[in-house]
Amino acid sequence: MSSVPEPCNVFDFEQLAEQRLEPGAFGYFAGGAGDERTLRENVEAYGRWQLRPRVLTGVERADTSTTVLGTEVSMPLLVAPVAFQRMAHPEGESATARAAAAAGTIMVLSTLATSTPADVAAAAPNGRRWFQLYCFRDPGVTRALIDQARDAGFDAIVLTVDAPRLGRRERDLRTLFQIPADVTVPSFAAAVGGSSAGTPADMFAEMDGTVTWRSLEQLAAQAGMPVLVKGVITGEDAHLACEHGAAGIVVSNHGGRQLDGASATIEALPEVVDAVRGRLEVLVDGGIRRGADVVKALALGAQAVLAGRAVLWGLAADGEQGVRRVLELLNDEIELALVLTGCDSPGALTRAHVQRATR
């Protein structure tokens, strides 16, 4: 019998991932922009919100299932897009896709994935999946990516809008981080006309930094599937997203990897929800480490959350089985938090179930 204890939470998986990844790769996945204040705040801000449990409700078990854009999912937690997953495990996005499908939730595939949309669809043919999109300077590359996602049965496009330029990620500068030469990024290869190693900055140099609300309108009209906007943290932009064709909003600051000093996403969530006024679904990304975090976000008006690093730590620790275990742990924690707040389902949560901490 092994003397090594089974990881019992996301933080345990993070420790395992740090042990198994080389320092440059771990720094890329774990790091943020500048002084990493927003990176830390994304996690710490959840501690500034407290749950208000109701008792004697007769709730002994909770059903964690819900719907997102009309799609049934087993829990209100989706797998966020994370680039370069073959740096974490040889099976990369395919392993993550299989685990997400087994968990009954949606995987969002990154534009900077090390697998194509067709690869992911083949790995998990019964899985539900969305495609995260960066717009390339070459519109032909962008169109080809959308076509690939549509042909592979993806259900939605998630347009990332908070990265017109790459944030200053100083961990990567210190480690001189580059994508390993044996890790191919198909979208970048298409943009530069052949397989090529490079840095994240090299890849973002191929992106179109001039995308506007008009671009969103055009994409929504042409994509042939719903388009969500990822990277909104203000009420003003939430209102504009509603007016320009978005099917949903992901409240996100890019995991603290773009503008250091921006609001933590859980702090921005109520403003965005209030601005939307029920016109479209709001999701939130960033800082999710516990099921109780998910319940707080739902109580503040999110339809669901996305988790990226938590899933990546599982992948690095133990491939597909690691991702499965992380998703199981989080689902178990969500179910327990629902029961202990007196709610039998995610839909039973309201703002009455959460309050700001008094100190």
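This is a predicted model: local features need pLDDT of at least 70, side-chain atom pairs count only at pLDDT 80 or more; totals for chains, interfaces and linings use all residues.
1. Aromatic pairs. A search of the whole structure gives 6 aromatic pairs. In one of them, Tyr28 and Phe29, the ring centres are 5.3 Å apart and the planes stand at 70°, so this pair is edge-to-face. The angle is what decides the class here, because planes over 60 degrees apart count as edge-to-face. Both partners, Tyr28 and Phe29, are buried.

2. Tyr134 sits in the loop between β6 (128-133) and α6 (139-151), while Phe204 belongs to helix α9 (residues 200-204), so the contact ties together parts that lie 70 residues apart in sequence. Tyr134 is buried, as is Phe204.

3. Aromatic cluster. Tyr28 and Phe29 are also members of a cluster, in which ring pairs link them with Phe84 and Phe177. Tyr28 has a charged neighbour as well: Arg257 lies over the face of its ring, at 4.6 Å from the ring centre.

4. Arg129 is placed over the face of Phe154, and the distance to the ring centre is 5.5 Å.

5. Helix α14. This helix covers residues 309-341, which is 33 residues, yet its end C-alpha atoms are only 26 Å apart. A straight helix would reach 48 Å at 1.5 Å a residue. A bend of about 140° is found in α14 at Asp318. Gly342 follows the helix and has a positive phi, near 85°.

6. Largest cavity. How many cavities of 30 Å³ or more are there? The count is 3. The largest cavity holds about 440 Å³ of space. Its lining is made up of 28 residues, and Pro81, Val82, Ala83, His254 and Arg257 are the ones nearest its centre. At least two lining residues come from each of α2 (23-30), β11 (304-307) and α14. Helix α14 gives the largest share of that lining, 3 residues.

7. Largest pocket. About 530 Å³ of space lies in the largest pocket. It is lined by 29 residues, and those nearest its centre are Val161, Asp162, Ala163, Pro164 and Gly231. The elements contributing two or more residues to this lining are β7 (157-160), α10 (213-222) and β8 (227-232).

8. Helix α13. Is α13 (residues 291-299) mostly covered or mostly exposed? It is mostly covered, with 8 of its 9 residues buried. The buried set consists of Gly291, Asp293, Val294, Val295, Lys296, Ala297, Leu298 and Ala299. A charged residue, Lys296, is therefore counted among the buried ones, that is, under 20% relative accessible area. Just after the helix, Gly301 adopts a positive phi of about 115°.

9. Val141. This residue is located in helix α6. Val141 and Leu283 are 142 residues apart along the chain, and 28 Å separates their C-alpha atoms.

10. Positive phi at Leu56. Leu56 is not a glycine, but its phi is positive, at about 55°. The residue falls in the loop between β1 (49-51) and β2 (66-68). Leu56 is exposed, and its relative accessible area is 90%.

11. Positive phi at Arg277. Which value does phi take at Arg277? It is near 55°, again positive in a residue other than glycine. Arg277 is found in the loop between α12 (265-276) and β10 (281-285). With a relative accessible area of 60%, Arg277 is exposed, since the class begins over 50%.

Methods:
Residues are numbered from 1 along each chain as its sequence is written. Side-chain values use heavy atoms; hydrogens and water are left out. Rings of Phe, Tyr and Trp (its six-membered ring) pair if their centres lie within 6.5 Å; planes under 30 degrees apart count as stacked, over 60 as edge-to-face and the rest as tilted. Buried means under 20% relative accessible area, exposed over 50%, partly exposed in between (1.4 Å probe, protein chains only). Helices (H or I, at least four residues) and strands (E, at least two) are DSSP runs, numbered from the N terminus. A charge sits over a ring if NZ of Lys or CZ of Arg is within 6 Å of the ring centre and within 35 degrees of the ring normal. The expected span of a helix is 1.5 Å times one less than its number of residues. The bend at a residue is the angle between axes fitted to the seven residues ending there and the seven starting there. On a 1 Å grid over the protein atoms alone, a cavity is a set of points where a 1.4 Å probe fits but cannot get out, and a pocket is an open set with protein on both sides within 12 Å along at least five of seven lines; lining residues have an atom within 4 Å of a point. Grid points are joined across faces, edges and corners, and a volume is the space filled by probe spheres set on the points.
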